[in-house]
Amino acid sequence: MSIRSSAPVVRRTERTTLALLVGVFIIDYIDRVMIAVALPLIGAEFGLSKTTQGLVVSAFAIAYLLGQMPGGLLADRVGARPLLVISLVAWSVFTAATGFAPGLVVLLVLRAAFGFAQALFPGAAFKALAERTTQEGRSRGAGLLLASNSVGAGLGPLLVAPLVVAAGWRHTFWIVAVAGLIVGLALWRLLPAPLPRELTEPEARVAPVKVPVSQVLRNRLVIRCAAMFACFNMLAYGMITWVPSYLVETKGLSLVAAGVSAAIPQLVNAAAVLIGGWLMSRYFDRRPRWLVVPALVAAAGVLVAMLLSDSATGFTVLQTVAMFISGLASIGIVGLPLRVLPRDLVGAGMGLVNTGGQLAGVLAPLVMGWLADRFGFAAAFGFLAVSTLAAAAISLTTRSTTLSLGAPAPAREQVG
């Protein structure tokens, strides 16, 4: 099949794949963030301290972290489509079961099972993207997937807070679970077949790349991206987990008003991720740290101003600015391995990168909950400024690196 004659098929495959994956990622994040919206009610019903409430969120994150590498390896072995659907159906079932939790222990078990089910999804999603997009369209696609995370994180409080108030937190979990099952059916029926290898990797050998997975997992570029993502993602998990509780308990907002205030920065972050992806592909593709470092340093400065703000409005405005600036750096951290890995190894490579990112999901809720209990919310949000600066420092010290996988690397794989 010639590239010219296949262009309509490629465009249709790319658009359908991206539309489906974006939809699922939005549901994914709505499922994930609604625990934060419901946390004040769950904490009151079960008599939980903030540290223990953070543990409820971290139970998901620990299982989600541990499932990243198995999920990525399974995606490379069994294919994207079956794993995507299995993951979505399983996490919807555990979402529904959360609504039946009688106490803390069962809640922790269900959140951990939910986390492992969701962990099977990212590696399969990035593999589906690599198999169904050209190299030129892959960065744009990665930007859309990352932006959809923020869209889901933003829509979550807007949709969930009124449901929690109207129907209670248990019924809300059941409603969202049904939506997940419907999206899973659509994904199974509508996901296109993979494109021919010569269209997705024109520079590569047509035969599958025979490279040990261990070689990918030891690659310095992939490891550094995982470390940067770990520090960078503290901001996202910290905001998602604790902003609703902070606004309700410290600023006196209603749960619905807190949900709206928490949503705005996430939706703005989604736009920033798309803008950052465009800037990266247009100006910074070979020197990502030129965008990543200034963006993260500026975001950390705004976070310091945010934690000193006295009003709920000032806090939300500064949070929105910080999330926008930090969003510009997303593709420079997460998207690089996706662009340079061959599609046969995308699952394993992105599994490692996402393992680093999900370490933040384990640490941020617990560390911030402990800091809030001991020193107040100012110290908890100050932790996010420090972790953001740490991500900038890792990017600053990442020199030119070639992703060598047993074959000469093309010039585009140089970063600096």
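1. Let's start with a charge and a ring: Arg-81 lies over the face of Trp-188, 5.9 Å from the ring centre. For a charge to sit over a ring, NZ of Lys or CZ of Arg must be within 6 Å of the ring centre and within 35 degrees of the ring normal. Arg-287 does this too, with its charged end over the ring of Trp-290 at 5.0 Å from the centre.

2. A word on the source: this is a predicted model, where local features need pLDDT of at least 70, side-chain atom pairs count only at pLDDT 80 or more, and totals for chains, interfaces and linings use all residues. Residues are numbered from 1 along each chain as its sequence is written, and side-chain values use heavy atoms, with hydrogens and water left out.

3. Now for rings with rings: searching the whole structure turns up 16 aromatic pairs (rings of Phe, Tyr and Trp, the last by its six-membered ring, with centres within 6.5 Å; planes under 30 degrees apart are stacked, over 60 edge-to-face, the rest tilted). Take Phe-60 and Phe-114: their planes are at 40° and their centres 5.4 Å apart, so this pair is tilted. Phe-60 belongs to helix H2 (residues 50-66) and Phe-114 to helix H5 (residues 104-132), so the pair ties together parts 54 residues apart in sequence. Helices here are DSSP runs (H or I, at least four residues), numbered from the N terminus. Phe-60 and Phe-114 are both buried (under 20% relative accessible area, 1.4 Å probe, protein chains only; over 50% is exposed, in between partly exposed).

4. Tyr-246 and Phe-315 make another tilted pair, with 35° between the planes and 4.6 Å centre to centre. Tyr-246 is in helix H10 (residues 220-249) and Phe-315 in helix H13 (residues 312-327), 69 residues apart.

Notes: Helix = DSSP H or I, 4+ residues; strand = E, 2+ residues; numbered from the N terminus.
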